[in-house]
Amino acid sequence: MMNGLFAEHVTVRYGQRTVLDDLTVGPFPTGKVSALLGPNGSGKSTLLRALAGLGEATGQVMLGSDVLSRMSLAQRTRRCLYLPQTLPATVHLQVLESLLAAQNATGALPGITGGDEIDAALRMLDIFGIADLAMRYMDELSGGQRQLVGLAQALGRHPDALLLDEPLSALDLHHQFAVMDVLRRETERRNIVTVMVLHDLNIAVRMTDYDVILRDGKIIAAGSPHDVITPDTLRQTYDIVARVETCSRGLPHIMVDGLG
Amino acid sequence: MRVHDDAPVTASHAISPDLSAYARQVRGSYRMLLRRRAGILAVIALCIVASVVLDFCLGPSGLSVDALIRTLLHPHDVSAGQSVIVWQIRLPYALMAVCVGAALGLAGAEMQTVLANPLASPFTLGVSAAAAFGASLAIILQWRLPGVPDAWVVSADAFVFAIGSVLLLDMVSRRRNAGTGTVVLFGIALVFAFHALVSLLQFVANEDALQDLVFWTMGSLTRATWPKLGLLAAACVVVAPLSFRAAWKLTVLRMGEERAASLGVDVPRVRRGALLRVSILSALAVSFVGTIGFVGLVAPHIARRLLGEDHRFYLPGSMFVGALVMSLSSVAARNIMPGVVIPTGIVTALVGIPFFLAIVLRRQGLS
């Protein structure tokens, strides 16, 4: 039996266009943070959505020994949660309420009731350092703050697999690192699968454990960041000339010299 | 660059070290908020009652509250004339205003949420226009559904077309890749199509029929009868709880369709359910009293400003606000010009617009 999240023979079509063709990917390991890399339009979001069961896809998605692709949407999203790239909308809803709504979207989550619900929501906000925003309205927040709220909503549902579509896109440098830190910690603590779409290769190489590079719906490379992010794969994927240098502290750093 | 810097990064800033004290505080203010919203709903409900009483008492033949209560409790002790005024005219008229307002308020609120568009309402997406076309078929071409009694012909025709228009909207929303924008544009196309058809019928109509039709499209509560009132009230009583049951899902839907789906909400199904409820409520309301669409557009906006977007409060709030605006309009309709009942559709817009502008502009001032 395999551990982690994996998918076999996934095919996704949008109308006439085939975005993913018989793709087999994974396993994305439990307790570790994985990254999906690749240029725009390479099928990263499509793959995440297919893994989460959103949109129409054929193929089989497994989480450990459970076949996710045979579950109902409500059941499946409780196990495996996709966080879209779009930020939560600027609605006239308090941050706390938005978390409560997310928790209650498919009926109350088991084991959480009444006052606990508010405590649980606050703990999630606290993890991301935004407990002080609990009573503010979503339509007063900045994009970055709303992205943090979205992450808190997602973690608050306690999924076994967390699929994040560019979770750092609206964040400043401090929060990019802070969020990666939180996600690594929570992923390990809860022993869940976390997969995220990333564009920052330096964050990927430093802060993820398993990477998959996609181009045109095909897997170019998969494995540890060290093996996956190489000048060769970067040229194949992004059409760039890049080096992986070692910085003064002995850590890898990607330098881009130009277009390939 | 920070990427080189291996200094430890903490995840948190600006949190009080004692989260439990803060949690107590937040729990307290959240409870306060819920209480305040319940309070606002109660105040609106009281205003509705006051407005209905006012609606009873004011009018061409003035009645005191005292006389009203006597007529209601002991119908046989008062003069036949007074009894007829209260039971056959005032009461159905005043209560119809409340029911129509509630139905359109709820329908508008759900429509704006599931179509993610602040301009969505039974009025703006063609339900009223379709009803008007149905009514014009009845009034001008005497087209009638088989087996419909005379008193119901116009309403029945209007209802058929109103419900048809929402079902069309629903069909469009079911298509794959049909975004909310597509549905709204389709609704607007319906408005223009039905307006053109109504104009065509008006063009061929004789003078009397034309006058009837124009009057119908202005919307009037004087068409209220007990059976119609009963039917609409029953629809509200059956449909509203179903809407309230979907409150959490609709709240999540407000944060974005994709996000709602990723949280396990079956978005197409929620949207279908909501449109079905909307179709029943708005088609009944519009077919009974004519084109009174404005309430369905403004009531949700007013409710949103007063109560936020937690749909557990927003949906009943929009219902209550709709009922209040309609009831006030009904009072105004009979009292602006002595001896004349101005068509309610006209007054609704005139009464509703100041409310609406006050709230929309105040919001801009704040943000």
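The secondary structure of chain B comes to 14 helices and 0 strands; helices (H or I, at least four residues) and strands (E, at least two) are DSSP runs, numbered from the N terminus. This is a predicted model, in which local features need pLDDT of at least 70 and side-chain atom pairs count only at pLDDT 80 or more, while totals for chains, interfaces and linings use all residues. Residues are numbered from 1 along each chain as its sequence is written, and chains are lettered from A and ligands numbered from 1 in the order in which they are written.

The C-alpha atoms of chain B fill a box of roughly 90 × 50 × 35 Å along the principal axes. Of the 367 residues in chain B, 47% are buried, where buried means that 20 or more other C-beta atoms, placed from the backbone, lie within 10 Å of the residue's own.

Chain A contains an open sheet of 4 strands in the order β2-β1-β4-β5, with antiparallel pairing. Two strands pair if DSSP finds at least two bridges between them. At the edges are β2 (17–28) and β5 (66–67) of chain A, each of which pairs on one side only. Strand β1 (residues 5–14) of chain A is joined to β2(A) over 6 bridges, and Arg13(A) stands opposite Thr18(A) in β2(A).

Helix α1 (residues 44–52) of chain A packs on this sheet and touches β1, β2 and β4 (58–63) of chain A. Is this helix enclosed or open? In α1(A), 9 of the 9 residues are buried, so the helix is largely enclosed by the rest of the structure. Among them are Lys44(A), Arg49(A) and Leu51(A). Just after α1(A), Gly53(A) takes a positive phi of about 85 degrees.

The two chains also meet: 45 residues of chain A are in contact with 37 residues of chain B, a contact being two C-beta atoms, placed from the backbone, within 7 Å. The side of chain A that touches chain B includes at least two residues from each of several elements, including α3 (95–104) and α6 (173–190) of chain A.

In soluble globular proteins, nonpolar side chains tend to be buried together. Here the largest nonpolar core has 190 residues, and Leu125(A), Leu163(A), Val100(B), Ala103(B) and Ala162(B) touch the most other members. Such a core is a set of buried Ala, Val, Leu, Ile, Met, Phe, Trp, Tyr and Cys residues joined through C-beta atoms within 7 Å. Helix α3 (residues 80–114) of chain B gives the most to this core, with 19 residues.

Definitions and conventions
Buried ≥ 20, exposed ≤ 12 C-beta atoms within 10 Å, placed from the backbone. Axes fitted to C-alpha atoms, helices over the stretch in contact; angles between N-to-C directions.
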